[in-house]
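I opened the notebook for a friendly walk through one model. Here is what I looked up, entry by entry.

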Amino acid sequence: MTHVTQIDSSAGSVTARVPAKVNLQLSVGPLRDDGYHDLVTVFHAVSLFDEVTVRKADRTSVAVTGEGGPAVPLGPVNLAVRAAVALARATGRRGRGASGVRIEIRKRIPIAAGLAGGSADAAAALVACNELWRTGLSVAELGHIGAQIGSDVPFALSGGTAVGLGRGERLTTALVSGSYHWVLAFGAAGLATPDVYAACDRLRAARVARDGEPSEVPAPQLSTDLMAALRSGDPAAVGPLLSNDLQPAALSLQPLLRRALSAGREHGALGAIVSGSGPTCAFLAAEPDAARDLAVAITGAGVCRAVVQVAGPAQGACVVESGALA
Ligand code: C5P
């Protein structure tokens, strides 16, 4: 008689899934002394997910596959590695020889795209290591650790739709009805977030010099119209209210993005906007069939590298498979 032993490939490992985000509003205030800008932003998580698997190991290492994988830095600067190290330190594991972890990242969120893909991977690593090590931290506690790694990490943990203040790390859940259907158009080349913020500062300084605008950048304000439209659940009301102060800066660095935005509008998008620091463009559609037609039309216009159809709000980082050994 033959005995077949079932090998559980997840034994000793934990996998977490984490969404990309778009910003429905991104209002950029003055540059702060710490090099960041005060923001008022409305984050919206969408159904484009990275997956991060962690398992205990003698030393910490990371491997990345999928969308943009070869360009993701490995080693201690990798945001998922930094997240695992920060969690180990915060929970007293570090230095006890128990904090080594093998991290595998499967990417679908493009890098340097304005979709917070790096912060997403850090958030997934926090959630996965929290389960692997049974450290039992709450989402708020993980968010506190994550905010040191990237401004968008707390939102990647919470997901849904949320107002972000400060650097974007101080979150309040937004009341939203229904779901929203999007087409995301990926650019051929990425944009580094600090470059886009710096371009935003330069454009503002040029306006002050040229048009005599006041040199003081006003404190950003939450759009009450956008919040009301989100509560109503009507994408036709939300579309025209999408706004992004970083869009002119992203367009100044990649002028061809204008063509992508125009193509989306011409083909019936309810709203067309650069996502975060770009260069991904996000197009809002009335319902899934309209999003599919829009995706086909934008692909046909040949104005971007690839398109995906997604929906929001999506759930924040969560464990999807756990073989964590007690
Ligand atoms: O927080 P994160 O590491 O994602 O930020 C990357 C860069 O983006 C910062 O170093 C800064 O140049 C810019 N940034 C900013 N203001 C923010 C968030 C990010 O200037 N609120």
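Which polar backbone atom lies 3.1 Å from a nitrogen atom of the ligand? I found that it belongs to Arg-167. I counted a polar contact as a pair of N or O atoms within 3.5 Å; within protein, one must be able to donate a hydrogen and the other to accept it, and residues adjacent in sequence count only if both atoms are side-chain atoms.

**Ground rules.** I am working with a predicted model, where local features need pLDDT of at least 70, side-chain atom pairs count only at pLDDT 80 or more, and totals for chains, interfaces and linings use all residues. Residues are numbered from 1 along each chain as its sequence is written, and side-chain values use heavy atoms, with hydrogens and water left out.

A polar side-chain atom of Ser-151 is 2.5 Å from an oxygen atom of the ligand, and an N or O atom in the side chain of His-37 is 2.7 Å from a ligand oxygen. The protein buries 78% of the 450 Å² that the ligand exposes when taken alone (Shrake-Rupley method, 1.4 Å probe; for residues, only the protein chains shown count as cover). I then listed the residues around the ligand (a heavy atom within 4 Å of it); among them are Gly-35, Tyr-36, His-37 and Leu-39. The list also includes Gly-150, Thr-193, Pro-194 and Tyr-197.

I took helices (H or I, at least four residues) and strands (E, at least two) as DSSP runs, numbered from the N terminus. Buried means under 20% relative accessible area, exposed over 50%, and partly exposed in between (1.4 Å probe, protein chains only).

Which strands pair with β1 (at least two DSSP bridges between two strands)? I noted these partners:

- β2 (residues 37-56) runs antiparallel to β1, joined by 16 bridges, and Val-28 stands opposite Leu-39 there.
- β12 (residues 318-322) is antiparallel to β1 over four bridges, with Val-14 opposite Ser-322.
- β8 (residues 243-244) runs parallel to β1 with two bridges, and Leu-26 has Asn-244 as its bridge partner.

The β1-β2 pair is a hairpin with five residues between the strands, and Gly-35 in the turn has a positive phi of about 90°. I see Gly-35 again among the residues around the ligand.

**Salt bridges.** My search of the whole structure gave 13 salt bridges (a side-chain nitrogen of Lys or Arg within 4 Å of a carboxyl oxygen of Asp or Glu). Side chains of opposite charge can pair when their charged atoms come close.

I looked at Arg-32 and Asp-34, whose side chains meet at 2.8 Å, N to O. Asp-34 is partly exposed at 44% relative accessible area, as is Arg-32 at 23%. Together with Asp-38 they are linked in a network of salt bridges.

How far apart are the closest N and O atoms of Arg-106 and Glu-51? I read 3.1 Å for this salt bridge. The pair links distant parts of the chain, with Arg-106 in strand β4 (residues 101-107) and Glu-51 in β2, 55 residues apart. Arg-106 is partly exposed at 31%, and Glu-51 is partly exposed at 28%.

My last entry is the salt bridge of Arg-134 with Glu-131, at 3.6 Å from N to O. I have Arg-134 as partly exposed at 48% and Glu-131 as partly exposed at 26%.

How values were computed:
Pairing = 2+ DSSP bridges.
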